[in-house]
Amino acid sequence: MKKRNVLGEDLAKMLKGGVIMDVVTAKQARIAEDAGACAVMALERVPADIRAQGGVARMSDPKLIREIQNAVSIPVMAKVRIGHTTEARILEALEIDFIDESEVLTPADPFDHVDKTQFKIPFVCGATNLGEALRRISEGAAMIRTKGEAGTGNVIEAVRHIKLIKKELSALKKMTPGQLKSYAESQRVPLDLVKRVRESQRLPVVTFVAGGVATPADAALLMDLGAEGVFVGSGIFKSRNPLQMAKAIVQATVHYRDPRKLAEISTGLGEAMAGLEIDRLDVRMQGRGI
Amino acid sequence: MTVGVLALQGDYSEHIGILNTLKVKAAEVRTPADLKHVQKLIIPGGESTTIASLLETTGLRKAIISRARKGTLTIFGTCAGAILLARKVSGKNVPPTLGLLNMKIERNAFGSQLQSFEAHLNIKGLQDPMVVSFIRAPRITKTGWRVEVLASHDGYPVLVRKGKILAGTFHPELRGGTEIHRLFLKMK
């Protein structure tokens with residue numbers, strides 16, 4: 001592994017147990033902060049709208065990002081297209097707190113991700129499995145989130161990805177030294193990183209889940225499966241009562257082991273976002289930039 | 001003795017890791033009932049607005065204040081924890097705090113994550129400097145009567161103590177050092 005962004009990994013640890021919410025206006029950002037979000041993701045369209053409207057999705061207008069920065073005191077994240085080093089330089093110049101190199105935007109580079117070791121600002125990247133997570137970490141990601149399938153309100157892919165990572169970590173334990181070496185080669189990741197995660201049985205950076213979380217119960221399920229926190233995209237501001245839904249998801253993320261509390265938290269929230277079947281999707285964002 | 005770690009949000013598992021290294025019994029505190037079983041409490045780093053709102057919804061805010069007033073709880077707050085202990089907080093969208101320590105603190109005093117840094121701190125009573133990180137850190141801008149300053153950085157207090165309360169604006173739990181936790185464990 002080359003250079004780590006240790007301070008960025010530290011910040012990721014401060015986000016643990018929290019909910020990071022997508023917001024498209026300063027007003028939404030304040031609602032998210034009031035509801036107890038541990039950070040906000042500033043963007044122009046939530047994934048559900050990107051999916052519905054189509055077209056190339058790019059980094060947000062710096063004007064919007066600044067408005068959101070001015071509105072809240074919690075960390076502000078924003079997205080760049082996969083491999084778009086210049087968008088990342090712009091976000092770093094805006095002094096946001098974390099960059100999400102995200103498959104929700106249209107990828108910009110067919111070969112490479114951003115070389116994150118060249119930045120002081122930390123990056124979070126999506127992953128669908130262990131190899132993908134380790135590739136991003138060896139490129140310098142300070143935090144990982146599972147990709148899930150953004151904008152669907154359907155939690156199945158988020159569950160798939162967090163479970164796959166766990167299963168693959170466990171499978172490393174049974175591998176011989178030769179098998180470990182060929183796994184590292186086939187996944188194009190450093191062998192010492194593979195050995196390290198085999199030993200610790202976890203990724204070396206904080207791991208959140210994302211993609212399809214629409215209810216407090218979804219968030220609690222994923223925490224129970226080992227997530228260290230939750231990104232919620234469309235699930236909050238596409239629901240009937242965003243403030244109530246946001247508060248409920250924050251509380252469910254804390255009290256995920258307490259079914260009675262969860263029952264109370266889930267009561268009377270009004271409609272969650274409408275969801276989509278994965279089989280019927282035109283675009284699968286999770287397949288971008290693996 | 002059991003040391004509770006407030007486990008609402010933030011890096012509470014790192015504090016539990018340090019307590020485990022020191023072979024001290026640690027317990028996660030999420031409800032007022034959990035608080036009953038602990039004699040000491042660590043309030044970890046995290047987002048102070050998030051933790052403040054959860055202190056309210058869980059009923060822990062009142063429970064912690066009442067234990068502290070009775071003098072039956074020793075508390076250590078780091079970063080967000082220090083903010084939550086302070087009587088006065090400045091900055092944007094200030095959360096309601098526990099107000100147990102007579103000091104004024106400014107949230108995100110250094111700016112964004114790009115201004116986060118690592119520092120070697122000389123701490124009163126400790127021989128060697130300790131490596132710690134300041135992550136979107138607050139700054140103590142005023143300390144009240146009888147608040148003892150145990151460490152400073154760039155002319156500002158960063159570790160302070162009064163009676164049963166210890167507060168630091170940095171993270172002593174992230175680089176493996178155990179000295180400050182040991183200092184806290186000795187506090188009566």
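1. The largest nonpolar core comprises 91 residues, and those with the most contacts inside it are A:Leu222, B:Leu6 and B:Ile64. Such a core is a set of buried Ala, Val, Leu, Ile, Met, Phe, Trp, Tyr and Cys residues joined through side-chain atoms within 4.5 Å. Helix 12 (residues 242-254) of chain A gives the most to this core, namely seven residues.

2. The model is predicted: local features need pLDDT of at least 70 and side-chain atom pairs count only at pLDDT 80 or more, whereas totals for chains, interfaces and linings use all residues. Residues are numbered from 1 along each chain as its sequence is written, and side-chain values use heavy atoms, with hydrogens and water left out.

3. Beyond its neighbours within four places in sequence, B:Ile64 is in contact (heavy atoms within 4.5 Å) with B:Leu6, B:Leu35, B:Leu41, B:Leu55, B:Leu73, B:Ile75, B:Leu98 and B:Leu100. A second, separate core of 28 residues includes B:Met130, B:Phe134, B:Ala151 and B:Ile180.

4. In chain A, the axes of helix 8 (residues 177-187) and helix 9 (residues 191-200) come within 9 Å and cross at roughly 120°. Helix 8 of chain A is therefore oblique to helix 9 of chain A; angles under 35 degrees count as roughly parallel, over 145 as roughly antiparallel, 65 to 115 as roughly perpendicular and the rest as oblique.

5. A:Leu180, A:Lys181, A:Tyr183 and A:Ala184 in helix 8 of chain A meet A:Leu191, A:Val194 and A:Arg198 in helix 9 of chain A. By class, this contact has five nonpolar, no polar and two charged residues.

6. A:Gln28 lies in helix 2 (residues 26-35) of chain A. A:Gln28 counts as buried because its relative accessibility is 16%, the cut-off being under 20% relative accessible area with a 1.4 Å probe and protein chains only.

Definitions and conventions: Chains lettered and ligands numbered in written order. Axes fitted to C-alpha atoms, helices over the stretch in contact; angles between N-to-C directions. Helix = DSSP H or I, 4+ residues; strand = E, 2+ residues; numbered from the N terminus. Nonpolar A, V, L, I, M, F, W, Y, C, P; charged D, E, K, R; others polar. Buried < 20%, exposed > 50% of the residue type's maximum accessible area, 1.4 Å probe, protein only.
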